[in-house]
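Colleague: I would like to learn how to read the place where two chains meet. Could you take me through it step by step?

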Amino acid sequence: MTKEPSERFDVLVIGGGPAGMAAAACATENRRRVGIIDDNPDLGGQIWRGASANPGSPAANWVARVRDAGVRVRCGLRVLHQPEPGVLLAEGPRGPCLLTYEDLVLATGGRERFLPFSGWTLPNVMGAGGLQALVKSGLPISDKRIVIAGSGPLLFAVAAYLRRQGADIPILCEQASWNSIARFGASLFTQPGKLAQAVSLKRELLGVPFAANSWPVAAEGHGKLSSVVISRSGKLERFECDYLACGFHLLPNTELPALLGCQIQHSCVWVDDLQQTSVPHIFCAGEPTGVGGLELSLMEGQIAGLAASGTLSRAKKLFNKRDKLRKFARVLERTFALRPELRRLPFPETMICRCEDVNYRSLAEHTSWRAAKLYTRCGMGPCQGRICGPVTEFLFRWRPDSVRPPVFPAFCESLAALPNPAPTRSELTGAQL
Amino acid sequence: MSEQIALSVNGKIISVPSGATVAVAVMLADEACRTSISGEPRGPLCGMGICFECRAVIDDNPHSRTCQIVCQAGMKVRTHD
Amino acid sequence: MIKKTYDIVIVGAGIVGAACADECARRAMNVAVVDCDVVGGGATGAAMGHIVVMDDSEAQFALTRFSQQLWQELRPELPADVEYEQCGTIWVAADEDEMREVRCKETYYGQRGVPVTVLDSACLQELEPNLRQGMTGGLLVPEDGVLYPPCAARFLMSRAQSRGAKTYFDSPASRIGKGCVRLANGVEFSAGTIVNAAGASSTSLTPGLEIKKRKGHLAITDRYPGFLRHQLVELGYLKSAHSITADSVAFNVQPRITGQVLIGSSRQYDVEHKQVDNTILARMLHRAQQYMPGLAHLSTIRVWTGFRAATPDKLPFIGPWPEDPSVYLATGHEGLGITTSLATARLLVNQITGADSPISLAPYLPSRVVSEHAHV
């Protein structure tokens with residue numbers, strides 16, 4: 001089997017979602033060698049998963065634009081760490097490889113925030129984006145009953161998508177208040193593009209009961225989900241269902257930027273107007289700079305790609321549009337802020353750390369993330385705290401640790417790979433194997 | 001018209017459309033992917049390869065994230081292993 | 001400012017400090033422990049957690065063997081989260097030279113009542129099928145074990161607290177001496193005896209103390225039950241532990257009860273930052289893969305570093321500090337802190353109370369003369 005090739009790039013983009021593709025496509029206009037890598041089997045990221053299945057869609061168009069521009073596309077690759085400045089160690093299906101760059105664009109996207117409640121670990125309880133990803137990956141849901149809950153505009157997009165695939169949605173629960181939702185609706189008038197989307201979504205979701213002020217209290221079932229109990233403006237209601245699609249808005253994936261030394265402020269990667277981070281030659285675009293949705297990601301990606309390739313005047317022309325879209329990001333944050341009642345959902349035996357099976361009771365006796373990690377091993381599993389970290393931050397107001405390599409679990413052989421491994425005297429005087 | 005691919009999940013032959021992920025095959029087989037440390041059955045949560053709940057053994061490779069791996073004909077998948 | 005008064009104030013809440021607190025409290029002494037971090041948050045939290053006998057010197061053997069026996073006595077009282085397992089150690093010989101060392105160890109331990117078994121190539125392969133083929137053999141030490149250090153430290157500290165020990169974990173100590181401990185936040189303690197159990201930070205409190213930081217890296221895999229059954233150490237480990245100046249790595253792996261494999265080890269001098277060094281990590285893992293090729297395809301989920309406290313002659317300081325009669329030392333344990341914590345506490349508190357000790361104290365006394373020859 002041939003090994004995973006190491007390659008040099010003028011501009012390397014990490015993340016094949018909308019921001020990454022926009023950056024890569026724009027970077028080719030002024031630089032010879034542009035590469036884009038992503039962990040998923042195809043380009044598109046989360047929101048545009050399965051883009052190629054829809055020719056003519058904006059998603060498919062960007063994928064085509066990236067490929068036509070001659071960008072070197074490598075899927076199935078995960079960055080592990082930085083062995084030296086200007087070089088990243090990545091791991092793919094054929095082993096590790098070194099990726100060298102002059103300029104780097106981090107478009108690592110966002111992930112769903114999960115919050116624990118009784119039964120949330122049952123099979124068929126998934127994220128909203130999570131279930132959508134599985135359906136796009138071939139899961140049939142025609143005529144299946146799916147309760148959608150949590151928070152954020154993703155719920156609506158997922159509901160519309162699932163409905164198109166034939167699912168029956170008995171209820172869509174948003175934890176934000178009716179007031180917040182109304183204000184959010186009003187704010188869409190200032191963003192015409194978004195308003196059009198909202199109107200078309202509303203059409204698609206006609207007939208789907210929507211409830212603000214609502215959240216899941218318990219998932220029930222033996223061995224897998226069979227029903228969900230919802231708190232609906234204070235009243236409890238049980239819904240039988242096949243799946244629960246539940247996610248509480250999005251979190252920026254800042255682990256790789258943090259590992260590379262980029263300044264993080266309020267859980268987001270700080271960038272200047274040209275999307276450059278605090279580290280020279282490293283740019284960041286999309287959700288990691290602040291969760292703001294698709295259009296903002298595309299705009300930031302374009303600016304980052306242009307800036308990384310030195311086309312500054314073109315980049316500056318996009319500032320206005322981007323800044324307008326950033327306002328929307330702030331509206332999102334306010335609207336879908338988590339309410340305090342959600343902190344009281346877990347029972348003492350509700351699992352918090354799913355990798356290490358640490359329950360609420362075991363964690364509540366500690367006073368810091370550090371202590372909890374040390375004594376219970378919460379956060380020491382393969383998810384590296386990506387799931388339970390935000391949970392404990394919300395439940396206990398614990399602040400997370402600094403990031404250490406590898407920024408994703410890696411095969412030992414990948415971490416043993418180096419540009420120039422040089423054995424020392426001790427290793428040579430040991431047995432020659 | 002997408003072609004179908006056959007693979008086995010815990011010895012049972014499952015047919016999936018080409019391009020489907022192993023996680024989907026496991027769900028079609030009405031199985032959970034893994035058993036947690038305290039004995040709970042677990043399946044995919046995030047769908048994007050970061051939660052590690054969808055892990056199963058694929059062709060003797062343990063801890064494989066089934067939501068990130070596309071089915072190949074003849075794959076042997078074992079859950080709860 | 002009202003000073004709080006104790007018989008003993010212990011600076012450092014790692015496993016050594018916790019063991020000392022436990023011992024003091026057991027003997028009804030009025031004891032306080034100060035630290036700026038959680039119990040076991042320093043080298044203890046980063047440690048491999050092995051309980052091993054070592055034959056590097058008579059003094060090292062005496063201390064490790066005594067302490068190992070204390071751990072075995074304590075074992076029934078340890079809660080489940082300490083994860084104590086008597087998995088044994090196998091010292092792996094990769095060639096005939098190393099096999100000769102194996103036989104020397106066999107004689108040495110045999111004379112001192114430590115049960116060991118010499119393994120030939122076939123036996124070794126059977127006991128550890130994931131070791132590379134063609135190893136010459138090894139030495140099995142079945143009474144060695146492993147545990148999870150932060151929870152062990154926490155257990156000892158809780159036991160001390162249940163017997164009246166007090167803890168102050170808000171602020172680091174800024175000055176100790178002449179019967180007084182002062183914290184950075186201004187709180188002061190008056191103590192009959194002060195114990196410096198601050199590990200790698202000991203020298204900042206006791207100037208003139210010859211302790212150097214030796215940085216180590218560790219990596220842990222996901223769960224692969226049955227991949228590894230015993231702690232494995234290459235005989236070159238001792239060469240690595242001996243080296244004073246060079247960065248070195250040596251093969252040392254340990255099974256956790258969870259089925260995770262803990263991979264070490266590395267040693268570096270004169271590095272102050274705790275960031276992971278990807279070069280050393282690569283060399284360490286490369287070395288490990290040479291002994292266990294199957295490691296290559298294990299998923300590694302975390303890497304971290306820690307600072308061992310190293311003395312010039314590789315033995316800890318346990319006893320009174322000659323320059324200040326109110327200060328005792330319990331520090332400088334390098335890679336044997338977990339193992340020797342219990343014995344350290346016993347020997348230390350014996351000295352404070354004037355009780356007899358079952359082993360000679362002389363080799364560990366801070367007052368011992370450390371000649372240039374000790375720097376090997």
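Predicted model: local features only at pLDDT ≥ 70, side-chain atom pairs only at ≥ 80, totals over all residues.

Colleague: How many residues of chain A and of chain C are in contact?

Modeller: On the side of chain A there are 36 residues, and they are in contact with 45 residues of chain C.

Colleague: What is the count of salt bridges between chain A and chain C?

Modeller: The count is four salt bridges, and one that you can look up in the structure joins the side chains of E365(A) and R154(C), with 3.3 Å from N to O. As for polar contacts, 17 residue pairs between chain A and chain C are counted, with both residues at pLDDT 80 or more.

Colleague: Which helix of chain A gives the most to the side that touches chain C?

Modeller: Several elements of chain A supply at least two residues each, namely strand 4 (78-84), helix 12 (369-376), strand 22 (410-411), helix 14 (412-415) and helix 15 (425-429). Helix 12 of chain A gives the most, with five residues. If you sort the residues on this side of chain A by kind, you find 19 nonpolar, nine polar and eight charged.

Colleague: In what sense do strand 22 of chain A and strand 16 of chain C pair?

Modeller: These two strands pair in the antiparallel sense over two bridges, strand 16 of chain C being residues 299-310. Within this pairing, F411(A) stands opposite S299(C).

Technical notes
Residues numbered from 1 in each chain as written. Chains lettered and ligands numbered in written order. Heavy atoms only, no water. Contact = heavy atoms within 4.5 Å. Polar contact = N/O pair within 3.5 Å; in protein donor to acceptor, adjacent residues only side chain to side chain. Helix = DSSP H or I, 4+ residues; strand = E, 2+ residues; numbered from the N terminus. Nonpolar A, V, L, I, M, F, W, Y, C, P; charged D, E, K, R; others polar. Pairing = 2+ DSSP bridges.
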